[in-house]
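Subject: Structure for you to look at

Hello,

Here is the structure I said I would pass on. My notes on it follow below.

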Amino acid sequence: MEIPDEIVDWRTKGLWLPDGPVAASAFAAARHPLFGGPFTWPVLVARRAALDRNIATLAAFADRHGLAFAPHGKTTMAPSLFAAQLRAGAWGITAATANQVLAYRRFGVPRVLLANELLDPTALRWLAAEIADGFDVLLYADSVEGVAALSDAAGPRPFRVLVELGHADGRTGCRTAAELTAVARAVADAPGTELAGVSGYEGLFTEPDGAAAYLDALRDATRALTGLLPPSVIVSAGGSAYFDLVADRLGGDWLPGHDLTVVLRSGAYVSHDHGLYVEKTPFNRVAGSLDAALELWAQVTSVPEPGLAIVGMGKREAPYDAGLPVPLRVRRRDGTVEPADGLRVTGTSDHHAFVAGDGVRPGDLVCFGISHPCTAFDKWQVIPVVDDAYTVVDLIRTYF
């Protein structure tokens, strides 16, 4: 993969560079301290050790269960993390939109799974030309209209298509096995499209039993397509909440007469978090663990009344869609660090957090954990990577 060495300058949120641009590689090589270096608050950082451990942990899980792994890149949109995931053995990288596929192509990602329906003829014509030039990509279809859009835009090499099975109250995907069969037959019959397998997503279920039942239905619906399926079949599922069930329900040799590849697509695991995925990770059910890699450091700017501190970070800096940030530690102005006992975020506005509790003063720094990494990375174009001593050793560049 080619990772561009861009510049950082006064436009880079969290970095304090009033004097001119610096190459990102040079900035990282300088090994600046987070505290006392060219940074301003708030700033989101990623812990190197946690990122590395999480990437290794899911790679090992997939390998142990005989799964191919195409981590969902929408979580980070960070080519440096894609490269690390591919080095750890990832089969490919999953995308959600045409723009993401274009970015992946420019980054040099060798194989892309687009886990979404694409009917835009402009994007499809470009993709057809890239496929003719050797790009390895898989697309979704859940309707005959979607198949027709693919067929109309196809080039000399066919689009490889996964027909998608959904579920009631879910997102995309055929709602019944009969509908899935009809779409699969349309793919098999249409010029310019080629049936590659079946896909689905179980992550919207609130309980494991519902996710398990859906994955069983996905397996059964795939078996029902045996007469349409090619000799080598791809079946894909898996977010970051039920990847253990994907391994349990879809792993193994259950499609006689076909060479089966089961592709897991978890994405949020790479950074984990201190909220949503602490509660939802499959490692609460099976052996293993992930580490929360992201920390948001922000400064107490006001203590206007007893029991209330205003901290300089808000909705523009931290996710709030699936839980508010969690105070972890307090760094005093003299550099001492203490647990953030008794502190709680009660609300956020654009650039302010309302923190209930006592014991902090203006100028203190508060380290927050976040909930839902998918809506954290998109708020920061550059994220410093720190070692255990909070020396900045790298910069993650995101492309949302």
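Into which domains is the protein divided? The protein has domain 1 (7-48 + 290-397) and domain 2 (50-273), with bounds that come from an automatic or database domain assignment.

Please note that this is a predicted model, in which local features need pLDDT of at least 70 and side-chain atom pairs count only at pLDDT 80 or more, while totals for chains, interfaces and linings use all residues. Residues are numbered from 1 along each chain as its sequence is written, and side-chain values use heavy atoms, with hydrogens and water left out.

Between the domains

The centres of domain 1 and domain 2, taken over C-alpha atoms, are 35 Å apart. Contact (heavy atoms within 4.5 Å) links 16 residues of domain 1 with 19 residues of domain 2. Together the two domains bury about 1,600 Å², of which 62% is on carbon and sulfur atoms. Buried area here is the accessible area (1.4 Å probe) that two parts lose on being put together, summed over both. Of the area that domain 1 buries against domain 2, 40% comes from Arg-48, Leu-290 and Phe-377, more than from any other three residues.

Strand 3

Helices (H or I, at least four residues) and strands (E, at least two) are DSSP runs, numbered from the N terminus. Strand 3 (residues 43-47) is largely enclosed by the rest of the structure, because four of its five residues are buried. Buried means under 20% relative accessible area, exposed over 50%, and partly exposed in between (1.4 Å probe, protein chains only).

Two strands pair if DSSP finds at least two bridges between them. Strand 3 runs antiparallel to strand 12 (residues 294-305), with four bridges joining them; Ala-46 has Leu-294 as its bridge partner there. With strand 19 (residues 382-386), strand 3 pairs in the parallel sense over two bridges, and Arg-47 is partnered by Val-386.

Nonpolar cores

A nonpolar core is a set of buried Ala, Val, Leu, Ile, Met, Phe, Trp, Tyr and Cys residues joined through side-chain atoms within 4.5 Å. The largest has 74 residues, and Leu-58, Leu-127, Phe-159, Val-163 and Leu-250 have the most contacts inside it. Helix 8 (residues 208-223) gives the most to this core, six residues.

Regards
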